[in-house]
Amino acid sequence: MRVGPSQDEIRRQNLGALLRHVHVHGATTRAELTNTLGLNRSTIGALTADLAAAGLVTEGAPKETGRAGRPSLVVRPESERIFAYAYSIEVDRLRAARVGLGGAVLDRRELDRPRGLTAAEAAPLLAGAVKEMRNALPEGAVCVGAGVAVCGMVRRDDGLVRLGPTTGWVDEPIGTALGAELGVDVPVTVGNVADVAAFAEHARGVAAGCDNVIYLYGDVGVGAGIIAGGRRLTGHGGYSGEVGHMVVARDGVRCECGNRGCWETEIGEHALLRAAGRSDARGREAMLAVFDAAGRGDARAQTAVRQAGDWLGFGLANLVNIFNPEMVIFGGTMRDLYLAAAAQVRSRLNSNGLPACLEHVRLRTPKLGEDAALIGAAELAFERLLADPLDVG
Amino acid sequence: MSATPLLELRGIDKSFGPVQVLRNVALSAYPGEVTALVGDNGAGKSTLVKCISGIHPTDAGEFVFDGRPVSINNPREAAGLGIEVVYQDLALCDNLDIVQNMFLGREKRSGIVLDEPTMEQMAAETLAGLSVRTVKSLRQHVSSLSGGQRQTVAIAKAVLWNSRLVILDEPTAALGVAQTAQVLELVRRLADNGLAVVLISHNMNDVFAVSDRIAALYLGQMVAQVRTTDITHAQVVELITAGRSGGLGLAADTGANGNGAPADSTTGGVS
């Protein structure tokens, strides 16, 4: 019979909480840690000593405070030494990065991804980028794990990419493939790009402190990372947030998933390029060219952008009515669509949304920008460290 | 989203000779929010801003700043309250670098020489606080910056002085699409950092992209100030061009000659 958590469990919990605090908030004085964590001073001192001995944090004198009294020591995460590898597999490119504890991108590589490249083919490319970064590692650097952000539906249990309609992947074991290529015994965690970007913006971006957030990520398709009540909404198998396949038009355009009238057939890359009369073009650059043309007065591009903006507001109103978020973040190409067609997006949202749900919703663009996917992927890897700091470090 | 406005104007009148430019204007700006000030050419937007910043004295009306009645008689008093204005032409010196521009006329000194390290550090901290990543070196001459970067420097200059209310006059005019997006994000970030922001713009996209409230001026009268969640694009355009839209704006019978009292000028509801 369990009577309560053991001393060890409490200690592990406290170590994790302290490390998480400096990981998310950066250098913090012991005095502040004492206040925010609600532990007494000697406990904070002992925990810090343990983490410092494990090489996860350092302690140092603060800058001059200009106040009387002995200044409290500052606890800093070992950002240069402790790191995770982060990968982002997008429709048109592959990215690999080394992200330090504390969330700073220390090193990065970017590769073009031909559309149709499979996981087995992508893994060696990413591994090559990692080998390059590994050659430039500073002395004593420790890798605590790897995270992957991928455009596709990811099975929560084992990181299998079940279906990536936009990448053309079906049942691709990207995590295993990458693990095999890297040849190191660090675990690889896989997540959907919108989910991990939401995670990153929630931890250290524009949504810090918000507990109900929708991160809408767009490229060819559209997906959402949803945070409800401060937790990531993953669904039973990990596949939730496929808002791009919400059907908005009964006899609409055929979608890559096989259905007709999915939301992404009205606001995704194909829809915008088709409406702008540029069906031959592809990719993010082609989309940005449409926004640019609209800004310069190209009437057809303007109509395409306005129409897509109206549809964006249409689906957004549904999401806002269902989830009642306090913030919606537009990432990927949705950022550019929102900023280029905000008048249409908001007007449609305001007419279709329920007044009570609209009251507190804030529409924002990402603070971390395109790095959100990489930082979020790294957060997946850091989660293990934060759960049990002394075991991993 | 604060309930009490940082700046509240009531009953502002302003005439230039026989021409009455502002007529019983009310405007509220809230900390943490972007208030968009919209109106046609000649509606009185720029005059209103010049009254707030102390360039033009007003004929009548009261200013309440942070709950206290104040009078703003010159730009120095406005700056003293923490009101900064970024004008359309930016007022930057091309032949000076970013730090010099940000501290122009208000340089920090240590003894008899300029305290360059402190100024450089403050400038760097301000830009970092706004998550500005597009500027490579603080010692770059402004002449070498793009339009969007110049706008960024002008805005950073305005927030450097612990300002509390920043007024931006058409910050995205004459910018390309990508740079407009960056400046809009910057405007939003100012408010998210706790400042009250007044954004003057002709561009409905910019207004809807970042604002929390929209205040519409029509022929010198404030015809409506509503929350951005309560209004559509078409309604704002009607307010700008006709002074009313449905239940919003000027009362129907007096709208045409502009003599009527503005209806629903301070509360936010749409009937």
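Modeller: Happy to! In chain B, the domain assignment (bounds come from an automatic or database assignment) gives domain 1 as 1-82 + 163-271 and domain 2 as 92-162. This is a predicted model, where local features need pLDDT of at least 70, side-chain atom pairs count only at pLDDT 80 or more, and totals for chains, interfaces and linings use all residues. Residues are numbered from 1 along each chain as its sequence is written, while chains are lettered from A and ligands numbered from 1 in the order in which they are written.

Taken over C-alpha atoms, the centres of domain 1 and domain 2 of chain B are 28 Å apart. Their contact (C-beta atoms, placed from the backbone, within 7 Å) takes 14 residues from domain 1 of chain B and 14 residues from domain 2 of chain B. On the domain 1 side, the largest share, six residues, comes from helix α6 (residues 177-192) of chain B; helices are DSSP runs of H or I, at least four residues, numbered from the N terminus.

Now to the helix pair. The axes of helix α5 (residues 147-159) of chain B and α6(B) come within 9 Å and cross at roughly 15°; axes are lines fitted to C-alpha atoms over the stretch in contact, with angles from 0 to 180 degrees between N-to-C directions. α5(B) and α6(B) are therefore roughly parallel, a label for angles under 35 degrees. Among the residues that meet there are Gly147(B), Ile155(B) and Val159(B) in α5(B), and Gln179(B), Leu186(B) and Leu190(B) in α6(B).

Notes: Contact = placed C-beta atoms within 7 Å. Helix = DSSP H or I, 4+ residues; strand = E, 2+ residues; numbered from the N terminus. Parallel < 35°, antiparallel > 145°, perpendicular 65-115°, else oblique.
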